[in-house]
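Hi,

Here is the structure I promised to pass on to you. Have it open while you read, and I'll walk you through what turned up.

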Amino acid sequence: MNESSVRTVGWARSLPMGQGVKAARDWAQEHLASLGWDESAPETVHSVLLTVSELVTNAHVHAGTDAQLVMSWDTRCLHISVHDGSAALPTPREPSEERLGGRGMLLVDVLADTWEARPCPHGKTVTACFRAPEAVTSM
């Protein structure tokens with residue numbers, strides 16, 4: 001394969017405010033299974049699903065908007081992107097015993113290999129990237 005070309009597989013789903021985070025996790029898990037990750041990389045699947053939960057929750061709760069979830073796999077990294085209608089970029093906050101929330105981006109920071117938030121027209125997109133586990137790249 002030519003190094004300058006990349007083969008990418010992707011999926012997208014819109015998640016209105018009324019749809020729960022479980023729908024996002026179930027949808028993501030179905031696509032991870034189609035890649036064979038459920039059997040070859042169950043720990044990574046768990047991290048990806050928790051990240052999907054956190055990012056969609058942030059869109060619904062903190063941004064107060066619908067979420068657009070996009071997953072793309074380029075044979076090197078799995079990219080999980082969630083777009084919402086708020087321009088406010090997320091930042092990890094120090095945990096506090098006085099508030100229940102505020103740990104989501106800390107979890108994403110620990111679980112994902114990298115993550116970034118970018119402003120875009122009509123909101124922002126937060127993308128978390130997961131490098132392919134060894135079991136996946138050797139298949």
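Angles here are taken between N-to-C directions and run from 0 to 180 degrees. With that in hand, look at α1: this helix lies across β1, β2 and β3 (77–84), and runs at about 170° to β1. Please keep in mind throughout that this is a predicted model.

Now the overall picture. The protein chain has 5 helices and 5 strands, and if you read along the sequence they come in the pattern β-α-α-α-β-β-α-β-β-α. The chain has 139 residues, of which 41% count as buried. Among the contacts with a separation of 6 or more, 61% are between residues 24 or more positions apart.

**The sheet**

In what order do the strands sit in the open sheet? The order of the 5 strands is β1-β2-β3-β5-β4, and the pairing is antiparallel. At the edges you'll find β1 (9–15) and β4 (114–120), each of which pairs on one side only. From one strand to the next, the twist averages 15°.

β1 and β2 (residues 67–73) run antiparallel and are joined by 7 bridges.

On its other pairing, β2 runs antiparallel to β3, with 6 bridges between them. Here Met71 has Ile80 in β3 as its bridge partner. β2 and β3 form a hairpin with 3 residues between them, and Thr75 in the turn has a positive phi of about 75°.

β2 also shows you two faces. Ala67, Leu69, Met71 and Trp73 make up the covered face, while Gln68, Val70 and Ser72 are on the uncovered one.

Helix α3 lies across β1, β2, β3 and β5 (123–131), running at about 15° to β3.

How do α1 and α3 meet? Two packed helices are described by the angle between their axes and the distance between the axes. For α1 (residues 21–34) and α3 (residues 42–62), the axes come within 9 Å and cross at roughly 145°. The crossing is right-handed. On the α1 side, the contact is made by Val21, Ala24, Arg25, Ala28, Gln29 and Leu32; on the α3 side, by Val45, Val48, Leu49, Val52, Ser53, Val56 and Thr57. Sorted by class, that gives 9 nonpolar, 3 polar and 1 charged residues.

Two other residues of α3 are worth a click. Is Thr51 buried or exposed? Thr51, which lies in helix α3, has a relative accessible area of 0%, so this residue is buried. Leaving out neighbours within four places in sequence, Thr51 is in contact with Val108, Leu111, Ala128 and Phe130.

Ser47 also lies in helix α3. Ser47 counts as buried because its relative accessible area is 14%, and the cut-off for buried is under 20%. Not counting residues up to four places away in sequence, Ser47 touches Leu111 and Phe130. The C-alpha atoms of Ser47 and Leu107 are 9.2 Å apart, although 60 residues separate the two along the chain.

**Salt bridges**

How many salt bridges does a search of the whole structure find? The search finds 4, and here are some of them.

- Lys22 pairs with Asp26, with the closest N and O atoms 2.6 Å apart. Both lie in helix α1, 4 residues apart, which is about one turn of the helix. Asp26 has 37% relative accessibility, so Asp26 counts as partly exposed.
- Arg131 meets Asp113 at 3.5 Å, N to O. This pair links distant parts of the chain: Arg131 is in strand β5 and Asp113 is in the loop between α4 (104–111) and β4, 18 residues apart. Asp113 is partly exposed, at 36% relative accessibility.
- Arg118 pairs with Glu116, the closest N and O atoms being 3.0 Å apart. Glu116 is partly exposed, with a relative accessible area of 36%.

Happy clicking!

Methods. Residues numbered from 1 in each chain as written. Predicted model: local features only at pLDDT ≥ 70, side-chain atom pairs only at ≥ 80, totals over all residues. Heavy atoms only, no water. Left-handed = near helix turned anticlockwise from the far one by under 90°. Contact = heavy atoms within 4.5 Å. Nonpolar A, V, L, I, M, F, W, Y, C, P; charged D, E, K, R; others polar. Pairing = 2+ DSSP bridges. Salt bridge = Lys/Arg side-chain N within 4 Å of Asp/Glu carboxyl O. Buried < 20%, exposed > 50% of the residue type's maximum accessible area, 1.4 Å probe, protein only.
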